[in-house]
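Work through the following exercises with the sequence and the model side by side, and try each task before reading its solution.

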Amino acid sequence: MMFACNQRSVIAFFKTPLCISLLQQTFPMLMGLFAIMGSQLVDSAFVGQLGAEPLAVMGFTIPIYQVVVGVQVGLGIATTASISNALGGNKSLYAKYLGTLILILGAMVITLLCVSLWVYQESIASFLGADAALFPMLRDYWLPWLMSCWFGAFLYFGYSICRSHGDNALSGKIMVITSVLNLGLDPLFIFTLDMGIAGAAWATCLSFLIGCFIIFRVIIKKKQITSITDIKQAKGAVASISRIAFPATLSQFLPPISAILVTMVIANYDDYAVGAWGLANRIEYMSIILILALTMALPPMIGKLKGMNKLFEIVSLVKTAVILVILFQFLLAVVLLVTSSPVASLLAKQTDIASLLTSYLWFVPISYGALGVCMICVSACNAMGQSKFALLISMLRLFACYLPLIWLGSEMYGVMGIFIGATLGNFLSGVVGWAMFVKQHKALVKS
């Protein structure tokens, strides 16, 4: 009887207008992210056929790419929060100013970053541990790769402008289009034209260029950007964007730092533990894809509500997202628990790695829902224009909840303790994130 009652409550929740609206905004982002992940996986598979050196060159670009992505995501967060807030307050001209300014600022920052990376590429590669023998191949790869980063950043700014105006469907479609184009162009450039690893970068570059053409054609047609005529207002807009962008960008660099520190703890054991943790991270990234999609769909909705001064509806929206995440992640955790042994055996040939991965799947996935709660609260604070507070939540999640419990678990129970610590850290992060979001929302209402 109780099960039937709970089942009816869940069905009723999914039928609520708020949940339906949230799912409609989230679904295109979900499909887009799936397409991007699939494209990156196949891209790596193509390069893997070229041999160990091309894979090594690609491997050395990953931490640098995280820096570029961190900058563009920080600017994108500022774009979404600022424009959606302006639209909610019926400041349509100001919203267009913001769209134009983010493109100008983005061009300056990304161009400076990419040029600096090109000039100091050998020094950077050496610092990361690359052998000098890889430098010629690195040089051939980094020119088109940095160009793809530049076009990719502009494409992301276009996504942010579209999402700010409530057009998540267009962003999702272009994500799929560019991913399919990349998959089709990869073998042509890499093998048919015999361009090797550089061909993979040129394929991505051309795909992003086509994506930019499509999205900015729509943005210009819908007049979502305009020429700057009021310099004073433009200066105020730049200051507004910067207040959000700097802490938001800084927060993007925290997870890589955390990952490095956890890897250092794991490395104290053996290669099996490191291998199992690496596979676990891939599973986690795929498992939280709904959370990632929600963190992209929520900000424009929250920004508009803030602009309309409907502050109490923000809590209702965030609660809906939290319930959605908890339900989905709980179901996924049950699936991973039941299938833990076959999944681990499929991903790992070595018995020791498969055994550790199975243990991970028994513990950690149940806490993904709590991790999602924290990530949603960070996204909501950014959307409310409270990026410094969002940064604080991110710092507490990683450096007060997650990392200390992993270290403590490692000291007490070894590798199993790391899994237990990660689980408890995620749960604690969810509690802390929600409590701080509620506190900040109350302060916003009172102000």
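**Exercise 1.** Determine which residues of helix 5 are buried, and where they lie around the axis.

*Solution.* Helix 5 spans residues 121–128, and its buried residues are Gln121, Ile124 and Ala125, where buried means under 20% relative accessible area and exposed over 50%, with partly exposed in between (1.4 Å probe, protein chains only). These residues lie on the same side of helix 5, because they cover an arc of only 95 degrees around the axis, taken from the directions from the helix axis to the C-beta atoms. On the face turned away from this buried side, helix 5 carries the exposed residues Ser123 and Phe127. This is a predicted model, in which local features need pLDDT of at least 70 and side-chain atom pairs count only at pLDDT 80 or more, while totals for chains, interfaces and linings use all residues. Residues are numbered from 1 along each chain as its sequence is written, and side-chain values use heavy atoms, with hydrogens and water left out.

**Exercise 2.** Describe how helix 9 and helix 17 are placed relative to each other.

*Solution.* The axes of helix 9 (residues 231–252) and helix 17 come within 8 Å and cross at roughly 10 degrees. Helix 9 and helix 17 are therefore roughly parallel to each other, a description used for angles under 35 degrees.

Methods:
Helices (H or I, at least four residues) and strands (E, at least two) are DSSP runs, numbered from the N terminus. Axes are lines fitted to C-alpha atoms, for helices over the stretch in contact, and angles run from 0 to 180 degrees between N-to-C directions. Angles under 35 degrees count as roughly parallel, over 145 as roughly antiparallel, 65 to 115 as roughly perpendicular and the rest as oblique.
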